[in-house]
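Trainee: I would be grateful for a close look at one part of this structure, namely a salt bridge and the setting of its two partners. Please then relate that part to the other features of the chains.

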Amino acid sequence: MSPEVTVLACVALPLLAPALIAALRRWPNPREAVTLLTSGCLFLLVYSLHDDVLQGARPACEFPVGRDFGVLDRLHAQPP
Amino acid sequence: MTSVYSIGYMRSHHESRQTSYYSYFAVALGSVMGIAFAGNLFTLFIFYELLTLSTYPLVTHAGDDAAREAGRMYLGYLLGTSVMLLLLALIWTWSLTGTLDFRSGGILEGTVTPGIASILLILFVFGIGKAAVMPFHLWLPAAMVAPTPVSALLHAVAVVKAGVFTILKVAIYIFGIDFLAEVPATQWLMYVAAATILLAAIVALRQDNLKLRLAWSTISQLSYIVLCALLVTPLGIVGGSLHIVMHAFAKITLFFCAGAILITTHKTRVSELNGIGRRMPWTMAAFTVGALSMIGVPPAAGFISKWYILLGSIEAGQMIAVGVIITSTLLNAAYFLPIVYAAFFRAPEGNTGNVNSDAHAEAPLTVILAIAVTATGTLALFFVPDIPLELAQQLTGESK
(Lines give C-alpha, C1' and ligand atoms only; values in the text may rest on other atoms or scores of the structure.)
Protein backbone atom coordinates (compact mmCIF):
# COMPACT_ATOMS: atom_id res chain seq x y z
CA MET A 1 0.00 0.00 0.00
CA SER A 2 1.44 3.38 -0.96
CA PRO A 3 1.85 6.03 1.78
CA GLU A 4 -0.86 8.19 0.17
CA VAL A 5 -3.39 5.34 0.26
CA THR A 6 -2.38 4.54 3.84
CA VAL A 7 -3.03 8.15 4.87
CA LEU A 8 -6.41 8.07 3.17
CA ALA A 9 -7.24 4.86 5.02
CA CYS A 10 -6.10 6.42 8.34
CA VAL A 11 -8.60 9.25 7.90
CA ALA A 12 -11.43 7.27 6.29
CA LEU A 13 -11.44 4.21 8.56
CA PRO A 14 -12.51 5.95 11.80
CA LEU A 15 -14.93 8.18 9.90
CA LEU A 16 -16.68 5.13 8.40
CA ALA A 17 -16.62 2.98 11.56
CA PRO A 18 -19.55 4.80 13.27
CA ALA A 19 -21.94 3.39 10.63
CA LEU A 20 -21.00 -0.15 11.68
CA ILE A 21 -21.02 0.79 15.38
CA ALA A 22 -24.53 2.21 15.02
CA ALA A 23 -25.71 -0.87 13.11
CA LEU A 24 -24.51 -3.07 15.98
CA ARG A 25 -26.06 -0.95 18.73
CA ARG A 26 -28.18 -3.84 20.04
CA TRP A 27 -25.16 -6.11 20.41
CA PRO A 28 -22.61 -4.56 22.80
CA ASN A 29 -19.86 -7.13 22.32
CA PRO A 30 -19.66 -6.92 18.49
CA ARG A 31 -20.10 -3.13 18.74
CA GLU A 32 -17.11 -2.83 21.04
CA ALA A 33 -15.18 -5.33 18.91
CA VAL A 34 -15.61 -2.94 15.97
CA THR A 35 -14.31 -0.09 18.16
CA LEU A 36 -11.25 -2.11 19.16
CA LEU A 37 -10.66 -3.34 15.62
CA THR A 38 -10.81 0.22 14.27
CA SER A 39 -8.33 1.44 16.87
CA GLY A 40 -6.00 -1.52 16.26
CA CYS A 41 -6.07 -1.09 12.47
CA LEU A 42 -5.46 2.64 12.89
CA PHE A 43 -2.41 2.00 15.04
CA LEU A 44 -0.98 -0.46 12.48
CA LEU A 45 -1.69 1.89 9.57
CA VAL A 46 0.05 4.82 11.28
CA TYR A 47 2.96 2.62 12.35
CA SER A 48 3.38 1.36 8.76
CA LEU A 49 4.14 4.96 7.70
CA HIS A 50 7.04 5.25 10.15
CA ASP A 51 9.83 4.08 7.81
CA ASP A 52 8.62 6.17 4.86
CA VAL A 53 8.43 9.31 7.00
CA LEU A 54 11.90 8.76 8.43
CA GLN A 55 13.20 8.44 4.87
CA GLY A 56 11.79 11.86 4.08
CA ALA A 57 8.35 11.04 2.66
CA ARG A 58 5.59 13.48 3.61
CA PRO A 59 2.32 11.68 2.86
CA ALA A 60 -0.57 14.09 3.31
CA CYS A 61 -4.27 14.55 2.66
CA GLU A 62 -5.48 17.82 1.14
CA PHE A 63 -8.65 19.58 0.15
CA PRO A 64 -8.05 21.64 -3.01
CA VAL A 65 -8.64 25.29 -2.22
CA GLY A 66 -8.40 28.71 -3.78
CA ARG A 67 -6.11 28.38 -6.72
CA ASP A 68 -8.32 25.74 -8.31
CA PHE A 69 -11.01 28.36 -8.71
CA GLY A 70 -8.60 30.87 -10.23
CA VAL A 71 -9.51 33.44 -7.58
CA LEU A 72 -5.98 34.01 -6.40
CA ASP A 73 -4.56 34.04 -9.91
CA ARG A 74 -6.69 37.09 -10.60
CA LEU A 75 -5.96 38.60 -7.18
CA HIS A 76 -2.21 38.25 -7.58
CA ALA A 77 -2.10 38.97 -11.32
CA GLN A 78 0.58 41.47 -12.22
CA PRO A 79 -0.53 44.40 -14.40
CA PRO A 80 0.78 44.09 -17.98
CA MET B 1 -5.51 2.34 24.54
CA THR B 2 -8.32 4.80 25.25
CA SER B 3 -10.61 2.45 23.31
CA VAL B 4 -9.64 -0.50 25.51
CA TYR B 5 -9.99 1.63 28.63
CA SER B 6 -13.34 3.02 27.48
CA ILE B 7 -14.89 -0.44 27.31
CA GLY B 8 -13.97 -1.26 30.90
CA TYR B 9 -14.93 2.20 32.16
CA MET B 10 -18.27 2.55 30.33
CA ARG B 11 -19.41 -0.92 31.43
CA SER B 12 -18.24 -0.55 35.05
CA HIS B 13 -19.78 2.89 35.37
CA HIS B 14 -23.03 1.77 33.67
CA GLU B 15 -22.95 4.77 31.33
CA SER B 16 -25.96 5.36 29.09
CA ARG B 17 -25.87 5.98 25.28
CA GLN B 18 -22.74 3.93 24.75
CA THR B 19 -23.33 3.51 20.99
CA SER B 20 -23.39 7.26 20.56
CA TYR B 21 -20.24 7.51 22.70
CA TYR B 22 -18.27 4.99 20.59
CA SER B 23 -19.50 6.56 17.32
CA TYR B 24 -18.41 10.10 18.19
CA PHE B 25 -15.21 8.71 19.66
CA ALA B 26 -14.36 7.13 16.27
CA VAL B 27 -15.17 10.35 14.39
CA ALA B 28 -12.89 12.25 16.79
CA LEU B 29 -10.08 9.79 16.01
CA GLY B 30 -10.63 10.30 12.26
CA SER B 31 -10.51 14.07 12.74
CA VAL B 32 -7.22 13.79 14.61
CA MET B 33 -5.81 11.72 11.75
CA GLY B 34 -6.93 14.43 9.33
CA ILE B 35 -5.19 17.11 11.39
CA ALA B 36 -2.00 15.04 11.66
CA PHE B 37 -1.80 14.34 7.94
CA ALA B 38 -3.12 17.66 6.60
CA GLY B 39 -0.98 18.92 3.73
CA ASN B 40 -2.21 22.48 3.99
CA LEU B 41 -3.73 24.83 6.53
CA PHE B 42 -7.20 24.72 4.98
CA THR B 43 -7.41 20.93 5.30
CA LEU B 44 -6.14 21.18 8.85
CA PHE B 45 -8.80 23.81 9.64
CA ILE B 46 -11.62 21.59 8.33
CA PHE B 47 -10.55 18.63 10.48
CA TYR B 48 -9.86 20.97 13.42
CA GLU B 49 -13.49 22.08 13.35
CA LEU B 50 -14.73 18.53 12.81
CA LEU B 51 -12.82 17.53 15.95
CA THR B 52 -14.57 20.28 17.94
CA LEU B 53 -17.99 19.21 16.69
CA SER B 54 -17.39 15.47 17.19
CA THR B 55 -16.12 15.91 20.77
CA TYR B 56 -19.00 18.21 21.82
CA PRO B 57 -21.44 15.25 22.24
CA LEU B 58 -18.74 13.47 24.26
CA VAL B 59 -18.40 16.44 26.63
CA THR B 60 -22.19 16.63 27.09
CA HIS B 61 -22.52 12.84 27.35
CA ALA B 62 -24.02 12.95 30.86
CA GLY B 63 -26.94 14.98 29.49
CA ASP B 64 -27.56 16.94 32.71
CA ASP B 65 -27.53 20.72 33.20
CA ALA B 66 -23.88 20.83 34.24
CA ALA B 67 -22.87 18.89 31.12
CA ARG B 68 -24.93 21.15 28.84
CA GLU B 69 -23.42 24.27 30.46
CA ALA B 70 -19.91 22.83 30.03
CA GLY B 71 -20.76 21.97 26.42
CA ARG B 72 -21.85 25.54 25.72
CA MET B 73 -18.59 26.85 27.14
CA TYR B 74 -16.63 24.23 25.16
CA LEU B 75 -18.27 25.16 21.86
CA GLY B 76 -18.23 28.87 22.65
CA TYR B 77 -14.51 29.04 23.30
CA LEU B 78 -13.36 26.66 20.58
CA LEU B 79 -15.67 27.72 17.76
CA GLY B 80 -15.51 31.38 18.81
CA THR B 81 -11.72 31.59 18.71
CA SER B 82 -11.38 29.59 15.52
CA VAL B 83 -14.09 31.45 13.57
CA MET B 84 -13.19 34.95 14.78
CA LEU B 85 -9.39 34.66 14.89
CA LEU B 86 -8.06 31.53 13.19
CA LEU B 87 -10.29 31.75 10.12
CA LEU B 88 -9.38 35.43 9.75
CA ALA B 89 -5.69 34.52 9.94
CA LEU B 90 -6.22 31.81 7.31
CA ILE B 91 -7.99 34.09 4.86
CA TRP B 92 -5.45 36.87 5.40
CA THR B 93 -2.51 34.49 4.90
CA TRP B 94 -4.15 33.09 1.76
CA SER B 95 -4.77 36.53 0.28
CA LEU B 96 -1.17 37.61 1.01
CA THR B 97 0.65 34.52 -0.22
CA GLY B 98 -1.75 32.79 -2.60
CA THR B 99 -1.30 29.47 -0.84
CA LEU B 100 -1.96 27.71 2.44
CA ASP B 101 0.44 24.82 1.77
CA PHE B 102 2.82 23.71 4.49
CA ARG B 103 6.31 24.36 3.10
CA SER B 104 9.76 24.04 4.65
CA GLY B 105 10.96 27.53 5.53
CA GLY B 106 7.40 28.87 5.61
CA ILE B 107 5.32 30.80 3.10
CA LEU B 108 5.22 34.25 4.71
CA GLU B 109 8.86 35.32 4.50
CA GLY B 110 9.33 37.99 1.85
CA THR B 111 5.60 38.59 1.43
CA VAL B 112 4.66 40.40 4.65
CA THR B 113 6.21 43.05 6.88
CA PRO B 114 7.17 42.11 10.47
CA GLY B 115 4.24 44.26 11.68
CA ILE B 116 1.63 42.33 9.70
CA ALA B 117 3.36 39.08 10.62
CA SER B 118 2.98 40.08 14.30
CA ILE B 119 -0.78 40.53 13.90
CA LEU B 120 -1.02 37.22 12.05
CA LEU B 121 0.96 35.44 14.74
CA ILE B 122 -1.32 36.83 17.48
CA LEU B 123 -4.39 35.72 15.48
CA PHE B 124 -2.94 32.22 15.07
CA VAL B 125 -1.81 31.73 18.70
CA PHE B 126 -5.07 32.94 20.27
CA GLY B 127 -7.22 31.59 17.42
CA ILE B 128 -6.01 28.05 18.09
CA GLY B 129 -8.11 27.82 21.26
CA LYS B 130 -7.35 24.12 21.68
CA ALA B 131 -3.83 25.10 22.79
CA ALA B 132 -5.53 26.72 25.83
CA VAL B 133 -3.21 29.71 26.05
CA MET B 134 -4.61 32.18 28.62
CA PRO B 135 -7.10 33.86 28.43
CA PHE B 136 -8.74 31.24 26.14
CA HIS B 137 -8.27 28.28 28.50
CA LEU B 138 -11.46 27.99 30.58
CA TRP B 139 -13.13 25.48 28.24
CA LEU B 140 -10.65 22.84 29.42
CA PRO B 141 -11.51 22.65 33.16
CA ALA B 142 -15.21 23.08 32.24
CA ALA B 143 -15.05 19.99 30.03
CA MET B 144 -14.19 17.89 33.08
CA VAL B 145 -17.85 16.92 33.44
CA ALA B 146 -17.25 14.41 30.62
CA PRO B 147 -16.68 10.69 31.33
CA THR B 148 -13.05 10.02 32.28
CA PRO B 149 -12.04 8.31 28.98
CA VAL B 150 -13.25 11.45 27.21
CA SER B 151 -11.23 13.59 29.60
CA ALA B 152 -8.22 11.42 28.78
CA LEU B 153 -8.92 11.81 25.07
CA LEU B 154 -9.52 15.56 25.38
CA HIS B 155 -6.86 16.50 27.89
CA ALA B 156 -4.05 14.14 27.06
CA VAL B 157 -4.19 13.27 23.39
CA ALA B 158 -6.67 14.40 20.79
CA VAL B 159 -8.04 17.86 21.35
CA VAL B 160 -5.31 19.69 23.23
CA LYS B 161 -2.53 18.08 21.22
CA ALA B 162 -4.33 19.07 18.00
CA GLY B 163 -4.02 22.66 19.27
CA VAL B 164 -0.33 22.71 20.10
CA PHE B 165 0.47 20.56 17.04
CA THR B 166 -1.23 23.20 14.89
CA ILE B 167 0.79 25.98 16.54
CA LEU B 168 4.02 24.08 15.84
CA LYS B 169 2.96 23.47 12.21
CA VAL B 170 2.13 27.17 11.75
CA ALA B 171 5.45 28.23 13.32
CA ILE B 172 7.54 25.86 11.20
CA TYR B 173 5.67 25.65 7.88
CA ILE B 174 3.73 28.93 7.63
CA PHE B 175 6.08 31.44 9.30
CA GLY B 176 9.34 29.48 9.13
CA ILE B 177 11.67 29.49 12.12
CA ASP B 178 14.08 32.08 10.67
CA PHE B 179 11.31 34.54 9.83
CA LEU B 180 9.51 33.94 13.14
CA ALA B 181 12.64 35.12 14.97
CA GLU B 182 12.25 38.51 13.23
CA VAL B 183 8.58 38.93 14.19
CA PRO B 184 8.27 41.39 17.12
CA ALA B 185 5.20 39.67 18.65
CA THR B 186 7.11 36.41 19.13
CA GLN B 187 8.81 37.67 22.28
CA TRP B 188 5.60 39.11 23.73
CA LEU B 189 3.64 35.92 23.08
CA MET B 190 6.43 33.90 24.67
CA TYR B 191 5.82 35.85 27.88
CA VAL B 192 2.08 35.07 27.62
CA ALA B 193 2.94 31.36 27.34
CA ALA B 194 5.34 31.63 30.28
CA ALA B 195 2.64 33.34 32.38
CA THR B 196 0.16 30.59 31.44
CA ILE B 197 2.66 27.93 32.58
CA LEU B 198 3.05 29.48 36.02
CA LEU B 199 -0.51 30.70 36.66
CA ALA B 200 -2.12 27.41 35.63
CA ALA B 201 0.34 25.47 37.82
CA ILE B 202 -0.54 27.69 40.79
CA VAL B 203 -4.28 27.14 40.19
CA ALA B 204 -3.64 23.36 39.89
CA LEU B 205 -2.00 23.45 43.30
CA ARG B 206 -5.25 24.71 44.85
CA GLN B 207 -7.60 22.13 43.26
CA ASP B 208 -9.00 19.36 45.47
CA ASN B 209 -10.87 17.65 42.62
CA LEU B 210 -8.37 15.25 41.03
CA LYS B 211 -9.61 15.68 37.43
CA LEU B 212 -9.61 19.46 37.79
CA ARG B 213 -6.05 19.38 39.11
CA LEU B 214 -5.05 17.32 36.07
CA ALA B 215 -6.90 19.73 33.75
CA TRP B 216 -5.11 22.81 35.12
CA SER B 217 -1.85 20.89 34.93
CA THR B 218 -2.60 20.27 31.25
CA ILE B 219 -3.12 23.99 30.59
CA SER B 220 0.29 24.61 32.13
CA GLN B 221 2.02 21.81 30.21
CA LEU B 222 0.50 22.80 26.86
CA SER B 223 2.06 26.22 27.16
CA TYR B 224 5.48 24.54 27.43
CA ILE B 225 4.95 23.50 23.80
CA VAL B 226 3.70 26.95 22.75
CA LEU B 227 6.74 28.47 24.48
CA CYS B 228 9.00 26.04 22.61
CA ALA B 229 7.52 27.11 19.26
CA LEU B 230 8.17 30.75 20.18
CA LEU B 231 11.76 30.14 21.30
CA VAL B 232 12.51 29.81 17.57
CA THR B 233 15.53 27.57 18.07
CA PRO B 234 16.03 24.06 16.65
CA LEU B 235 16.38 22.53 20.12
CA GLY B 236 13.26 24.32 21.27
CA ILE B 237 11.28 22.86 18.36
CA VAL B 238 12.65 19.39 19.15
CA GLY B 239 11.73 19.87 22.83
CA GLY B 240 8.20 21.04 22.01
CA SER B 241 7.62 18.18 19.57
CA LEU B 242 8.89 15.63 22.09
CA HIS B 243 6.74 17.12 24.83
CA ILE B 244 3.63 16.42 22.74
CA VAL B 245 4.41 12.69 22.94
CA MET B 246 5.88 12.53 26.44
CA HIS B 247 3.10 14.59 28.02
CA ALA B 248 0.48 12.52 26.18
CA PHE B 249 1.73 9.24 27.68
CA ALA B 250 2.05 10.63 31.21
CA LYS B 251 -1.21 12.59 31.28
CA ILE B 252 -3.30 9.79 29.78
CA THR B 253 -1.90 7.49 32.49
CA LEU B 254 -2.93 9.99 35.18
CA PHE B 255 -6.45 10.38 33.77
CA PHE B 256 -6.84 6.62 33.44
CA CYS B 257 -5.84 6.30 37.11
CA ALA B 258 -8.34 9.01 38.14
CA GLY B 259 -11.06 7.07 36.29
CA ALA B 260 -10.00 3.77 37.87
CA ILE B 261 -10.21 5.36 41.35
CA LEU B 262 -13.66 6.73 40.53
CA ILE B 263 -15.19 3.48 39.31
CA THR B 264 -13.61 1.43 42.12
CA THR B 265 -14.01 3.71 45.15
CA HIS B 266 -16.28 6.54 43.89
CA LYS B 267 -13.71 9.06 45.14
CA THR B 268 -12.98 12.19 43.15
CA ARG B 269 -11.13 14.40 45.64
CA VAL B 270 -7.42 14.50 46.37
CA SER B 271 -8.21 14.83 50.09
CA GLU B 272 -10.02 11.46 49.99
CA LEU B 273 -7.06 9.48 48.64
CA ASN B 274 -5.23 8.74 51.91
CA GLY B 275 -4.04 5.14 51.89
CA ILE B 276 -5.54 4.33 48.51
CA GLY B 277 -2.20 2.92 47.37
CA ARG B 278 -2.81 -0.05 49.65
CA ARG B 279 -6.14 -0.85 48.01
CA MET B 280 -5.08 -0.07 44.45
CA PRO B 281 -1.29 -0.62 44.33
CA TRP B 282 -1.07 -1.11 40.55
CA THR B 283 -3.16 1.94 39.78
CA MET B 284 -1.24 4.17 42.18
CA ALA B 285 2.12 2.80 41.02
CA ALA B 286 1.12 3.86 37.49
CA PHE B 287 -0.05 7.22 38.88
CA THR B 288 3.40 7.66 40.44
CA VAL B 289 5.09 6.99 37.09
CA GLY B 290 2.82 9.53 35.38
CA ALA B 291 3.44 12.10 38.12
CA LEU B 292 7.23 11.65 37.92
CA SER B 293 7.05 12.15 34.16
CA MET B 294 5.01 15.34 34.57
CA ILE B 295 7.60 16.66 37.03
CA GLY B 296 10.40 15.60 34.68
CA VAL B 297 12.21 13.15 36.92
CA PRO B 298 14.20 10.22 35.47
CA PRO B 299 13.49 7.45 34.58
CA ALA B 300 10.26 8.86 33.14
CA ALA B 301 9.74 10.20 29.62
CA GLY B 302 9.00 13.75 30.73
CA PHE B 303 12.65 14.20 31.68
CA ILE B 304 13.74 13.86 28.03
CA SER B 305 11.38 16.53 26.69
CA LYS B 306 12.01 18.93 29.59
CA TRP B 307 15.76 18.51 29.04
CA TYR B 308 15.40 19.55 25.39
CA ILE B 309 13.08 22.42 26.34
CA LEU B 310 15.68 23.70 28.81
CA LEU B 311 18.44 23.33 26.21
CA GLY B 312 16.29 25.20 23.69
CA SER B 313 15.70 28.02 26.19
CA ILE B 314 19.43 28.30 26.88
CA GLU B 315 20.18 28.16 23.12
CA ALA B 316 17.74 31.07 22.63
CA GLY B 317 19.35 32.97 25.51
CA GLN B 318 15.95 33.19 27.22
CA MET B 319 16.87 33.00 30.89
CA ILE B 320 13.30 33.99 31.81
CA ALA B 321 12.07 30.82 30.07
CA VAL B 322 14.68 28.77 31.97
CA GLY B 323 13.48 30.29 35.25
CA VAL B 324 9.82 29.63 34.38
CA ILE B 325 10.49 25.97 33.51
CA ILE B 326 12.43 25.38 36.76
CA THR B 327 9.76 27.13 38.86
CA SER B 328 7.01 25.22 37.06
CA THR B 329 8.84 21.95 37.72
CA LEU B 330 8.83 22.75 41.45
CA LEU B 331 5.11 23.53 41.27
CA ASN B 332 4.50 20.23 39.42
CA ALA B 333 6.22 18.43 42.28
CA ALA B 334 4.18 20.40 44.81
CA TYR B 335 0.83 19.36 43.34
CA PHE B 336 1.63 15.76 42.37
CA LEU B 337 3.93 14.39 45.09
CA PRO B 338 1.48 14.97 48.01
CA ILE B 339 -1.02 12.72 46.20
CA VAL B 340 1.56 9.94 45.89
CA TYR B 341 2.65 10.42 49.52
CA ALA B 342 -0.92 10.33 50.83
CA ALA B 343 -1.76 7.26 48.74
CA PHE B 344 1.12 5.14 50.00
CA PHE B 345 2.14 6.54 53.38
CA ARG B 346 -1.02 7.85 55.05
CA ALA B 347 -3.55 5.64 56.78
CA PRO B 348 -6.95 5.40 55.10
CA GLU B 349 -9.53 7.65 56.73
CA GLY B 350 -11.97 5.79 58.96
CA ASN B 351 -9.61 2.81 59.13
CA THR B 352 -10.46 1.09 62.38
CA GLY B 353 -8.33 -1.92 61.83
CA ASN B 354 -10.80 -3.64 59.53
CA VAL B 355 -8.68 -5.67 57.11
CA ASN B 356 -11.18 -5.10 54.30
CA SER B 357 -10.32 -1.39 54.13
CA ASP B 358 -6.79 -2.39 53.08
CA ALA B 359 -7.88 -5.23 50.80
CA HIS B 360 -6.82 -5.01 47.17
CA ALA B 361 -9.63 -3.80 44.92
CA GLU B 362 -8.40 -2.80 41.51
CA ALA B 363 -10.50 -1.64 38.55
CA PRO B 364 -11.62 -4.13 35.81
CA LEU B 365 -8.95 -5.87 33.74
CA THR B 366 -9.37 -3.75 30.59
CA VAL B 367 -8.90 -0.59 32.67
CA ILE B 368 -5.79 -1.93 34.41
CA LEU B 369 -4.42 -3.22 31.09
CA ALA B 370 -4.70 0.23 29.51
CA ILE B 371 -3.10 1.88 32.56
CA ALA B 372 -0.25 -0.66 32.53
CA VAL B 373 0.47 -0.09 28.83
CA THR B 374 0.55 3.72 29.05
CA ALA B 375 2.62 3.68 32.28
CA THR B 376 5.07 1.22 30.70
CA GLY B 377 5.22 3.46 27.64
CA THR B 378 6.02 6.43 29.89
CA LEU B 379 9.00 4.53 31.29
CA ALA B 380 10.04 2.97 27.98
CA LEU B 381 10.21 6.33 26.22
CA PHE B 382 12.88 7.43 28.70
CA PHE B 383 15.13 4.51 27.78
CA VAL B 384 14.21 4.29 24.08
CA PRO B 385 13.11 7.74 22.87
CA ASP B 386 14.48 7.06 19.36
CA ILE B 387 11.27 7.15 17.31
CA PRO B 388 9.82 10.44 18.61
CA LEU B 389 13.32 11.96 18.78
CA GLU B 390 14.12 11.09 15.15
CA LEU B 391 10.75 12.45 14.01
CA ALA B 392 11.24 15.63 16.05
CA GLN B 393 14.76 16.15 14.72
CA GLN B 394 13.48 15.78 11.17
CA LEU B 395 11.44 18.94 11.74
CA THR B 396 14.51 21.08 12.05
CA GLY B 397 17.08 19.02 10.20
CA GLU B 398 18.85 18.73 13.54
CA SER B 399 21.34 15.86 13.59
CA LYS B 400 22.03 13.75 16.64
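Mentor: Asp208(B) counts as partly exposed, because its relative accessibility is 27%, a value that lies between the 20% limit for buried and the 50% limit for exposed. The model is a predicted one, and the description that follows should be read with this in mind. The side chain of Asp208(B) meets that of Arg269(B) in a salt bridge, with an N to O distance of 3.5 Å. This pair links distant parts of the chain, since 61 residues separate the two partners. Asp208(B) lies in the loop between α9 (185–205) and α10 of chain B, whereas Arg269(B) lies in the loop between α11 (234–265) and α12 (276–279) of chain B. Arg269(B), at a relative accessible area of 38%, is likewise partly exposed. Side chains of opposite charge can pair when their charged atoms come close.

Another member of the set joins Asp65(B) to Arg68(B), where the closest N and O atoms are 2.8 Å apart. Both residues belong to helix α4 (residues 65–97) of chain B, and because they are three residues apart there, about one helical turn separates them. Asp65(B) is exposed, at 57% relative accessibility, while Arg68(B) is partly exposed, at 38%. In chain A, a salt bridge connects the side chains of Arg31(A) and Glu32(A), with 2.8 Å from N to O. Here both partners are buried.

Gln221(B) is buried, because its relative accessibility of 1% falls under the 20% limit. Its side chain makes a polar contact of 2.8 Å with the side chain of His243(B). With neighbours within four places in sequence left aside, the contacts of Gln221(B) are His243(B), His247(B), Met294(B), Lys306(B) and Asn332(B).

A search of the whole structure finds zero disulfides over all chains.

The elements giving two or more residues to the patch are α2 (28–48) of chain A and α17 (386–396) of chain B. Helix α2(A) supplies the largest share, three residues. Leu391(B), placed in helix α17 of chain B, is partly exposed, at 33% relative accessible area.

Chain A itself may be described as a whole. It has four helices and zero strands, in the order α-α-α-α along the sequence. Of its 80 residues, 32% are buried. Among its contacts between residues at least 6 apart in sequence, 64% join residues at least 24 apart. Chain A exposes about 5,300 Å², and carbon and sulfur atoms supply 66% of that area.

Key. Residues numbered from 1 in each chain as written. Chains lettered and ligands numbered in written order. Predicted model: local features only at pLDDT ≥ 70, side-chain atom pairs only at ≥ 80, totals over all residues. Heavy atoms only, no water. Disulfide = S-S within 2.5 Å. Buried < 20%, exposed > 50% of the residue type's maximum accessible area, 1.4 Å probe, protein only. Contact = heavy atoms within 4.5 Å. Areas by Shrake-Rupley, 256 points an atom, 1.4 Å probe, with all protein chains shown as cover. Polar contact = N/O pair within 3.5 Å; in protein donor to acceptor, adjacent residues only side chain to side chain. Salt bridge = Lys/Arg side-chain N within 4 Å of Asp/Glu carboxyl O.
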